[in-house]
Amino acid sequence: MRQFFLNLRCRILPALLWTAASGALALDPSAPLDGYRHERWGELEGAPRFVDTLAQTEDGWLWVASRQSGLYRFDGVRFHPYVARDGSRLPDTAISVLRPGPDGTLWIGHGRGGVTLLRDGRYRQLLAASTSGSVFAISLGSDGAAWIAGWGGLFRSVGERVERIGPEQGYGGARAEHVLADRAGRVWAVDGASIYLRASGEQRFRRVRDAGADAMLLEARDGSVWLVIDKRFERVAPPTAATIGPASGRSSSFQSLFDAHGNLWSGNCPVGLCVLRPAAWRAGSRFTPVGAAEKLDQPWQMTSLTVLSLMEDRDGSIWIGTPAGLERLRDQAVRMDAAWYDRGIAVPALHPDGSLYVVQVSRYEGAAGLMRIENGRAVALPNSLGARALDGAPDGSLVIAGDRGIERHRPGQVERIPLPAAVSGAGPSGRIKAVTAGARDVWLWTGHLGLWHYRDGSWSSSAEARDRQAGAMAYDAAGRSYHGYRGDRLRIVDGRASREFGPGDGVDVGGVEYIDPGAPLLIAGPRGVQVLVDGRFRHLRFAPGQALGAVSGIAVDRTGVRWLNAERGIFRVEPADWARSMADPAVAVHGTLFDALDGYTGGAATTLVGRTALAGPDGTLWFAGERGLASIDPRGTGGRPPTPDVDILSLGAGQRRYAAHGRIALEEGTEDIQIEYASPSLRMPQRVRFRYRLVENGAWVDAGPRRTAFFQRLRPGEHVFEVQAFNERGVPSRISTLRFDIAPHMTQTWWFKAGAVLAGVLLAIFLYRLRMRQLAARIEDRFLARVRERESIARTLHDTFLQSVQGMLLSMQAATVKLSADNPLRTELDRLIGSARGVLAEGRDEIQGLRENFGNAATFWQALMRDLDAAVPGGSLQRIEVVEPDLLEQLGTVALSRDLYAILREAIINALQHTGGKIRLDATPDGRQLVLSVRDTGTGLGRHAHGKPGHFGLQGMRERAEQIGAKLRIRSDDAGTTVSIALPATRSRRQRRGDSSLAHADAVGQAKHD
């Protein structure tokens, strides 16, 4: 296998070139080889080894084939091993040819034989290895046919049909070592000995000349065809204007190619990479790149000095495959010539003769030089002045200042100006730092001797500028001078008049270090850029992510585009964007930043050097940078390249990875996932920005350059992932979508949740009932304990106190019998004995009350009436008026406790004893409670509404009401007193009606009889 590729590289190497329209991007032939950006990807960056062939498809992906590890896709950042959607595999990883087709098909030729098609993410074998033998080249013709050159012969494929081309079609070779379908519609084939040609519109080949061994064919951009044998190039077809239009993709040759600008790139000449510019090969019909002056042939310059493949992509970059990885050369918008790079500060200015002069001053050694730019190259000039600074005046003159004097150059004349006497003899302390030129004035900045002003033939030292620390100066076309100072001060001098601006006028740049006296007036410093609007300075805002730092120069090109030279790079602003922000500084300035990725390393020079941005006579823009002089051709910077669509590559969940094709079903219970995506923007992959979201969440996540999305704690169900890319110009791609479903865990299903809710409800009911039972049992235990205590007290009273009283009565009765019947004392004793027996009966009744409540309303009423009659004798019961005729029936709905009995007894006795009128007794149902009230017609309680000192009747009534869960209310006024007690109903009227009605008449009658 290794021998095959070595032979292939040294013998027959196909040249399958991109043939897009003439306006395609390409490396500028005027730029030196070391002026291109050279990037390398080796094993440490994930690149495969032995990059044998390359291709770029219409979607922007770079395809990389390695004989060791197979097929990869590269997006400019990462190498992704390709995995087919249907799981199909390549029959052989030894790939010798890659060729993109117009329908998205990738043609794959194998070094061990066979042709495979990759279409719609699926591999399909077109030619078997035994039929084609080793495949050397694949080329697509203008009619859509594919031409295949292999050890087994020359083949033509149309659709699904493949035919072998033989003598009947005019091709006499037993094998084909190379095939080329050119832009003019011709097909060229080489069999190792001869070249065959099938002209456009014909069906047969014809032999055109000898070729010899190890021959290959290349087509240049002008349509000429070249025979290549051992690095010797010979033209076999002249340039032609005929074209079949742009090809569908780009693919590599193995050693040599012509790029879109006519540069010839060749590998292994004899080592490394070399380049011939168009002028070096177009003049003749034969040439060789061996010995080219521009080359990369040192080990530190490349990953390997052996070149396996070369390809030009659609951006014009050159890709180089080597045994150690992949490399790229691409053009840069900003050029920093090696003659200026890291050799000090170089300041440009226009000479009146139309040329561009540059003064370069070494940063540390102090050496200086004067040069002129000719055809983009620096040409040293005699430096009799010892020039160290220069500046162009508004009238077009050029002032050059040096250690030995000053010159003002005007068309056709040079004015010599001597240095100030204090400066010319000061040595290093008087060294010139910068010069500012007006039409009649010269300002000289020195290292330690301050600022000097020249006008009308004499010099003066500017004490004001020294004291106020002048930081910038400029002149406009009207002759006005602008003086900027460190303390955020700006003074404008117009003849004898002047005006000063300061912080009170909005100046806030951290010290004025740059002045652009155009319309409008701009100033800049460490804190940004400000513009004068209606007599007040206002800050310019820049779009997010485009902060510039200090600005030290502004140039305007021929189309009105402004270029700001700043610490972070060169900022390009379209006229419409500039005008919008000048009209309203609150509107952010939008533009394009050119920085180190574009070749501008180090940023702008911001020390006191004069103007750092300038438009040259040919339209080229020049910028003074910290690391040298830079230039931009603005004609190639205004395009808006499309952003390739985002490809969603895979979805990872746990240890599993799913290919991002179709709808993905994830395992149940999946919560955390990561999604890999990429946008094949090869030119500036570092500047591609992404945003993504889950549609159900709504909000976009700004991912920056990150190419992985992370999600956590996802819920089961359907999810839609969207991702979008933005290229270096802010141009968005289309939104790419991936749908995936997460199956719910058993615990995440609706029926499980419903069952859990139901189980929770049942558990709550069970716990509630259990608690109620516990409370009821506790209450019952307390009740039984109280009943037992009362029964114990009753037994004690019965067995002791009442028995003792009974014994006393018997003794008294025995003593009474001994007295005569007419003895007055006996009569008195009989009366006392009768009273004592009543007290004894009452005691027995009370003891019975300790044991249990009243059995029914009749018993309750009889006991109450009897006690009232005994407590207030003399017909007191006649004064009680029962308002509710169904009083006993109403009493039957509440618990007739001894406490209720005591409350009513106390209330009625108080009314009977303290009033002389009727006592009204009423019972009123109120919802689920019964309100009993006792009303009298007395004069009220007055100030004793809450009880008399030393009396506990009212207090006892309230305590008893609280014990039985009743609400006691006492209202008293001049019309009488009402005592009401609200009791919770324990039984309905219907339940009690039978008991109460039977006893009602007897109870009332008995009460009246008593």
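A salt bridge is a side-chain nitrogen of Lys or Arg within 4 Å of a carboxyl oxygen of Asp or Glu. Keep that rule in mind, everyone. Take R49 and E43: their side chains meet in a salt bridge, at 4.0 Å from N to O.

Now, a word on the model. It is a predicted model, where local features need pLDDT of at least 70 and side-chain atom pairs count only at pLDDT 80 or more, while totals for chains, interfaces and linings use all residues. Residues are numbered from 1 along each chain as its sequence is written, and side-chain values use heavy atoms, with hydrogens and water left out.

Back to the salt bridges. How many salt bridges does the rule give? The count comes to 48. Side chains of opposite charge can pair when their charged atoms come close.

Next, cover. Buried means under 20% relative accessible area, exposed means over 50%, and partly exposed is in between, with a 1.4 Å probe and protein chains only. On that scale R49 is partly exposed, at 35% relative accessibility. E43 is exposed, with a relative accessible area of 57%.

Look at R37 now. R37 forms a salt bridge with E39, and the closest N and O atoms are 3.4 Å apart. Is E39 buried or exposed? E39 counts as buried, at 11% relative accessibility. R37 is partly exposed, with a relative accessible area of 21%.

One more pair. The side chains of R527 and D488 meet in a salt bridge, 3.3 Å from N to O. R527 lies in the loop between β48 (522–525) and β49 (528–533), and D488 lies in the loop between β44 (481–485) and β45 (489–494), so the pair ties together parts that are 39 residues apart in sequence. D488 is buried, with a relative accessible area of 9%.

I have been using strand names. Helices (H or I, at least four residues) and strands (E, at least two) are DSSP runs, numbered from the N terminus. Two strands pair if DSSP finds at least two bridges between them.

Go to strand β52, residues 562–566. Which strands does β52 join? Strand β51 (residues 551–556) is joined to β52 by 5 bridges, and the two run antiparallel. In that pairing, V556 stands opposite R562. The hairpin of β51 and β52 has 5 residues between the strands, and there G560 takes a positive phi near 85°. Then comes strand β53, residues 569–573, with 5 bridges to β52, again antiparallel. A hairpin of 2 residues makes the link from β52 to β53. Here R562 stands opposite V573. As for cover, 4 of the 5 residues of β52 are buried.

Now an open sheet. Its 4 strands come in the order β35-β36-β37-β38, with antiparallel pairing. The edge strands are β35 (387–392) and β38 (413–417), and each pairs on one side only. From one strand to the next, the twist averages 20°. That angle uses axes, which are lines fitted to C-alpha atoms, for helices over the stretch in contact; angles run from 0 to 180 degrees between N-to-C directions. Inside the sheet, 5 bridges join β36 (residues 398–402) to β37 (residues 405–410). One partner pair is G402 and G405.

On to some backbone features. Most residues other than glycine have a negative phi, and most peptide bonds are trans. Where are the cis bonds? One joins C269 and P270, with omega about -5°. P270 is in the loop between β23 (264–267) and β24 (273–276). Another runs from A519 to P520, with omega near 0°. P520 is in the loop between β47 (514–516) and β48.

Two aspartates have positive phi. For D120, phi is near 55°. D120 sits in the loop between β8 (115–119) and β9 (122–127), and it is exposed, at 52% relative accessibility. For D230, phi is about 50°. D230 lies in the loop between β19 (225–229) and β20 (232–237). D230 is partly exposed, with a relative accessible area of 48%.

Last stop: helix α7, residues 750–817, where V761 is found. V761 is partly exposed, with a relative accessible area of 42%. V761 belongs to a nonpolar surface patch with V757, L758, L762 and I765, and together they have about 460 Å² of accessible area. Patches are made of residues with over 30% relative accessible area and no salt bridge; like charges are joined within 9 Å, and nonpolar side chains (Val, Leu, Ile, Met, Phe, Trp, Tyr) within 5 Å. The areas come from the Shrake-Rupley method with a 1.4 Å probe, and for residues only the protein chains shown count as cover.
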